[in-house]
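Dear colleague,

Please find the structure below, together with its sequence. My notes on what was found in it follow.

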Amino acid sequence: MKRFFTLMKNELKLNIRDMNMVIFALIMPLAVFIVLGLIYRSKPASEGAEYTFLEQSFGAVCAVSICAGGLMGLPLVVADYREKKILKRFKATPASPGLLLGAELAIYMLYCAASLMILAIAAYISGAGFGGSLIKFLGSWALTAISTLSIGMMVGGLAKNSKQAGVIASVLYFPALLFSGTTVPFEIMPKIMQKLVGLFPLTQGIGLMKSTFLGIPSEYTAAAILTMLLTTAVCTGISVKFFKWE
């Protein structure tokens, strides 16, 4: 464990110096939340709703950092390490490539957790109430993060180089960021678009976080959990089976 935490600390320092994840996983979600707060303030999410638009959007804003780390940050780092032969060099050291990948996964989960804490503080300051179950919300958040990171690991595992990983990551990241409910509210989308983006695992995760945060029942809870568990299993299996160290 000491070796793992030493590696994780060093990788985290390098990651912070790069500043990309600091901006997109920490600053950007907070900025989105502040803008939503300034626009909607304490307005109800809809006519007759017992919760505000800001409270309804909390889970979606949490997904901004998950999307940035899982669909952009993680795959690019893994592919870049492969291209630079860093993964190959790790084979000759006591620190295995698997240890490096584990440290990278932990770092991006840490970014997501830090963003969640920052947003929770911002929500408290803004007066946004929490009407659901904390355990259920954290469970839905963790499942959303893990399933999204598994997609990133699959992309990083299959991409031959950082350029290819960047193209694939962009194809996944921007549609997810725009249409899964992270920036454009799912509720205001046309019905046909809702059916299409409802297929995204991230959309399922946002819906689950919304219902658990607000404490409202959802008939799609089982489907959302199943979709994300299946995504995690399939993407992890593919990344393990076809992963190349060089």
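Helix 9 is mostly covered, with 13 of its 14 residues buried. The structure is a predicted model, and the values in this message are computed from it. Just after helix 9, G215 adopts a positive phi of about 75 degrees.

The partner of interest for helix 9 is helix 6. The axes of helix 6 and helix 9 come within 8 Å and cross at roughly 170 degrees. Angles over 145 degrees count as roughly antiparallel, and helix 6 and helix 9 are therefore roughly antiparallel to each other. On the helix 6 side, the residues that meet helix 9 are K136, F137, S140, W141, T144, T148 and I151. Their counterparts in helix 9 are P201, L202, G205, L208, M209, T212 and F213.

Two residues of this pairing deserve a separate description. T144 is found in helix 6, which covers residues 134–158. T144 has a relative accessible area of 0% and is therefore buried. Its side chain reaches the backbone oxygen of S140 at 2.7 Å. Leaving aside neighbours within four places in sequence, T144 is in contact with I66, L202, G205, M209 and M228. S140 is likewise found in helix 6. With a relative accessible area of 3%, under the 20% limit, S140 is buried as well. Beyond its neighbours within four places in sequence, S140 is in contact with L208, M209 and T212.

As for C62, its contacts, not counting residues up to four places away in sequence, are L116, L119, F137, W141 and M209.

Which helix packs against helix 3 at an angle of about 175 degrees? It is helix 7, and the two axes are 9 Å apart. An angle of that value makes helix 3 roughly antiparallel to helix 7. From helix 3, the contact is made by V64, C67, A68, L71, M72, P75, L76, A79, D80 and E83. From helix 7, the residues involved are S162, A165, G166, A169, S170, L172, Y173, F174, A176 and L177.

S65 also lies in helix 3. Is S65 buried or exposed? At 1% relative accessibility, S65 counts as buried. The side chain of S65 makes a polar contact with the side chain of S115, at 3.4 Å. S115 is also one of the residues in contact with S65 once neighbours within four places in sequence are left aside; the others are F24, A25, P29 and C112. S65 and A176 are 111 residues apart in sequence, while their C-alpha atoms are 12 Å apart in space.

Two further positions complete these notes. V197 lies in helix 8, residues 191–197. V197 counts as buried because its relative accessibility is 5%. Apart from neighbours within four places in sequence, V197 is in contact with F179, F186, M189 and T203. The C-alpha atoms of V197 and G181 are 8.6 Å apart in space, and the two residues are 16 residues apart in sequence.

M19 is found in the loop between helix 1 and helix 2. M19 has a positive phi of about 75 degrees although it is not a glycine. What is the exposure of M19? At 35% relative accessibility, M19 counts as partly exposed.

With kind regards

Notes:
Residues are numbered from 1 along each chain as its sequence is written. This is a predicted model: local features need pLDDT of at least 70, side-chain atom pairs count only at pLDDT 80 or more; totals for chains, interfaces and linings use all residues. Side-chain values use heavy atoms; hydrogens and water are left out. Helices (H or I, at least four residues) and strands (E, at least two) are DSSP runs, numbered from the N terminus. Buried means under 20% relative accessible area, exposed over 50%, partly exposed in between (1.4 Å probe, protein chains only). A polar contact is a pair of N or O atoms within 3.5 Å; within protein, one must be able to donate a hydrogen and the other to accept it, and residues adjacent in sequence count only if both atoms are side-chain atoms. Contact means heavy atoms within 4.5 Å. Axes are lines fitted to C-alpha atoms, for helices over the stretch in contact, and angles run from 0 to 180 degrees between N-to-C directions. Angles under 35 degrees count as roughly parallel, over 145 as roughly antiparallel, 65 to 115 as roughly perpendicular and the rest as oblique.
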